[in-house]
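This report asks the reader to follow a structure from its overall layout down to individual residues. Please keep the sequence and the three-dimensional view at hand while reading.

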Amino acid sequence: MLLLSRDAAAHVGSPDTFFAGSAGKYPVRVTIRPPGVVPGLAEISVRVGSSGVRRVTIRPVRYDAGPAGAPAPDVATPVAGQPGLYAGALWLMSEGSYAIEIAVEGESGTGRTSVPIASLPTRVLPMGRGLFFLVLAFAVLLMAGGLAIVFAAASESALPPGEKPGPARRRAARNTTMAAGGVFLLLLFGESAWSARVRRSAERQVFRSYRTTAEVRAEGAVRVMKLSIDDPTWKGATWRPLVLDHGKLMHLFAMREPALDAFAHLHPVAVSEREFEAPFPSLPGGTYSIFADVTDETGLSQTLVARAEVPAAAAGAATALLPSSRADPDDSWRISPPLPPVVRQPLVSDLGGGLSMTWASASQAAPILAGRELTLRFLVCDSGGRPAVLEPYMGMKGHAAVVRDDGSVFVHLHPMGTVSMASLDRLSGRHRSDSSESHGTMNSASDPGGEVSFPYAFPKAGPYRLWVQVRSGGEVRTGVFDVLVR
Amino acid sequence: MFPLFLVGIARAGRSRWSATAAAAVYMALLGGVDWVLPLFPAEARLAPIYNPITRMVPFCFPLLLAFPAMAIDSLLKSRRRPGDNALGVLLGAAFFLVFLAVQWPFGWFQMTPAARNWFFLGDRYWSYYFHPGAPWRYGFIGDPAGMATVPGFLVAAALSVVSARLGLLAGDRLARVRR
């Protein structure tokens, strides 16, 4: 059983944003670690791939305030010992969609780019032990001081200066002090109840993607997947209309549990206010984990999570390539061997049609480490070993889906990183042209280089499966790779 | 809270106008801060900035506490001396009525264009995170806590009476302090 969790914004279990692009003439790689609390400090690192950089500045731009409502930029400080790497932190004061605007100043002028991120409370921070004891020590000090003042006031304040209080007065003062101690304890108790209430309220406010259910029904020989958003906040006060991402309202990834041996990338269309449908491709029946990426008009992306029981295909339907005329031409799927216990990661995947895909940046010798920033680079070759011509697949050189074997991590990658194109469109309007074509966005031209790469860091150790999708010869081809991250 | 302090000070104070003096000091201090802060240039450094400010943002104009304080002082120092319980009711009611009579119309005045100046600060205390187009900028919108109703006023009046009675007690204790 995969752990399907809705406690995630865009992507699941992989909160960091990775971006590869360019700021003017400077190639940049940007990593943003969101705080997970609002307000909170987002950590930002910018790696500039060229020399002659004078300084790098960063600033937060909230979607509704725009650049005019953004503060003066902060200067990112160069990281010692790592030339070209700049780091900084920015406060994100409110919940919602932000763009981090990055400006690189240097010999080639000033270049800018924007990286969209979501500022959302995804966790409740516990109080550290050190802080707990410090606060406790202050509380004890404060109460002891308060009791001393009460005792002094009760025993001596009404006496003429110099006169010592008698035994009766001292006894009365002790009683008053005890009563004050009781009041203090009541205050402490109230404070504790109050802080528990604040904590519960914070836990309630933790962001969850819209509650979603999925089902697959048979319509004659065709199976249709229906995704229903039955969250009460859908169409509520905080709801914003969804926008197209790569020309689609929704990118849905389905993987068969538990072996992740069947995979589909579908594009359901809205059939009602809260229901989306897509024909289900010729994949075996079983339980499927569903991850559906959507972006709203503020640029906020989220992954809807569901699970669907898929009935076995009717006889004769299994051979149909396109299950229905309603299928989106960009829908794609692939069957592969079950995810084995990964020992040696296979580095070549057969794509059919004489093509094969090689994970060029991985090697058996060097294990992949959790948290390490990587460029996942793949090379597509024909049977003669020549690089294949890659055509745009939904405006991109490639798409990749990464899933940990227990479903606790899901991420949809593009050559420019984890951000959705729709968010970029919404949030980085005027810098859009700077985000270089060479970093993965393709509008019409084909690329004869046969290479596609994705910036990413695996968030935690464990076995992962990657599906890397490219289009070549007019067909979408999916390469499958397994990796054990240490 | 206010009657407790004002009545306590008036009861314990030796001067005829102790509470009035205390309230006046509060108003002068807060007003002073209000009038001085905007003289310093400042700029918001956190996003989102809905209201681009260029100077320090003051608090709002101080509450007109000196008026109910005058009522409290006159009642406490008048010749006729009712018992402390009756006096508490009288003081609490006086505080509530005078404060309401002064502060409520003043609140309306604060929302008029005549208050939009450096002294009354009618439009000056909006911080960077307030939407300048918000409907409550120049008007009284709703009453989320539901306090501006007859039951709400009655509760406030009752709290004033209790607070004033406690103020008398506290004032008596305070008057006995000798060191």
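The model is predicted. Asp73(B) belongs to helix H3 of chain B, formed by residues 66-76.

Is Asp73(B) buried or exposed? A residue is counted as buried if 20 or more other C-beta atoms lie within 10 Å of its own. Asp73(B) has 24 such atoms within 10 Å and is therefore buried. Between Asp73(B) and Phe153(B) there are 80 residues in sequence and 23 Å in space, taken from C-alpha to C-alpha.

## The layout of chain B

Chain B contains five helices and zero strands, and from the N terminus on its elements follow the order α-α-α-α-α. Its C-alpha trace spans about 55 × 40 × 30 Å along the principal axes. Of the 179 residues in chain B, 26% are buried.

## Helices H2 and H3 of chain B

Helix H2 of chain B covers residues 18-36, and its axis comes within 7 Å of the axis of H3(B), with a crossing angle of roughly 170°. Angles over 145 degrees count as roughly antiparallel, and H2(B) and H3(B) are therefore roughly antiparallel to each other. On the side of H2(B), the contact is made by Ser18(B), Ala19(B), Thr20(B), Ala22(B), Ala23(B), Ala24(B) and Met27(B); on the side of H3(B), it is made by Ala66(B), Ala69(B), Met70(B), Ile72(B) and Asp73(B). By class, the residues of this contact are nine nonpolar, two polar and one charged.

H2(B) has 19 residues, and the distance from its first C-alpha to its last is 27 Å, close to the expected 27 Å. Its buried residues are Ser18(B), Ala19(B), Thr20(B), Ala22(B), Ala23(B) and Asp34(B). The elements that cover them include H1 and H3 of chain B.

## Helix H5 of chain B

How far apart are the end C-alpha atoms of helix H5 of chain B? This helix consists of residues 150-176, and at 1.5 Å a residue its 27 residues should span 39 Å; the end C-alpha atoms are 39 Å apart, which agrees.

The buried residues of H5(B) are Ser160(B), Ser163(B), Ala164(B), Arg165(B), Gly167(B), Leu168(B) and Gly171(B). Among the elements covering these residues are helix H1 (2-12) and helix H4 (84-110) of chain B.

## Nonpolar cores

The largest nonpolar core has 107 residues, and those with the most contacts inside it are Ile100(A), Ile102(A) and Ile290(A). Strand S7 of chain A, residues 96-106, gives the most to this core, with six residues. Apart from this core lies another one of 21 residues, including Phe2(B), Ala10(B), Ala19(B) and Phe99(B).

Beyond its neighbours within four places in sequence, Ile102(A) is in contact with Ala23(A), Val28(A), Val30(A), Val46(A), Val56(A), Ile58(A), Arg112(A), Thr113(A) and Val115(A).

## Where the chains meet

Contacts between the two chains involve 17 residues of chain A and twelve residues of chain B. Strand S4 of chain A, residues 53-62, gives the most to the side of chain A that touches chain B, with three residues. That side of chain A has twelve nonpolar, three polar and two charged residues.

## Backbone features

Most residues other than glycine have a negative phi, and most peptide bonds are trans. A cis peptide bond joins Val38(A) to Pro39(A), with omega about -5°; Pro39(A) is in the loop between strands S2 (26-33) and S3 (40-48) of chain A. The bond from Glu257(A) to Pro258(A) is also cis, with omega near -10°, and Pro258(A) is in the loop between strands S12 (251-256) and S13 (262-266) of chain A.

Met394(A), which is not a glycine, has a positive phi of about 55°. Met394(A) lies in the loop between strands S21 (374-381) and S22 (399-404) of chain A, and counts as buried because it has 21 C-beta neighbours inside 10 Å. In chain B, Leu121(B) has a positive phi near 55° and lies in the loop between H4 and H5. Leu121(B) is buried, since 22 other C-beta atoms are within 10 Å.

Key. Residues numbered from 1 in each chain as written. Chains lettered and ligands numbered in written order. Predicted model: local features only at pLDDT ≥ 70, side-chain atom pairs only at ≥ 80, totals over all residues. Helix = DSSP H or I, 4+ residues; strand = E, 2+ residues; numbered from the N terminus. Buried ≥ 20, exposed ≤ 12 C-beta atoms within 10 Å, placed from the backbone. Expected span 1.5 Å × (residues − 1). Contact = placed C-beta atoms within 7 Å. Core = buried A, V, L, I, M, F, W, Y, C linked by C-beta atoms within 7 Å. Nonpolar A, V, L, I, M, F, W, Y, C, P; charged D, E, K, R; others polar. Axes fitted to C-alpha atoms, helices over the stretch in contact; angles between N-to-C directions. Parallel < 35°, antiparallel > 145°, perpendicular 65-115°, else oblique.
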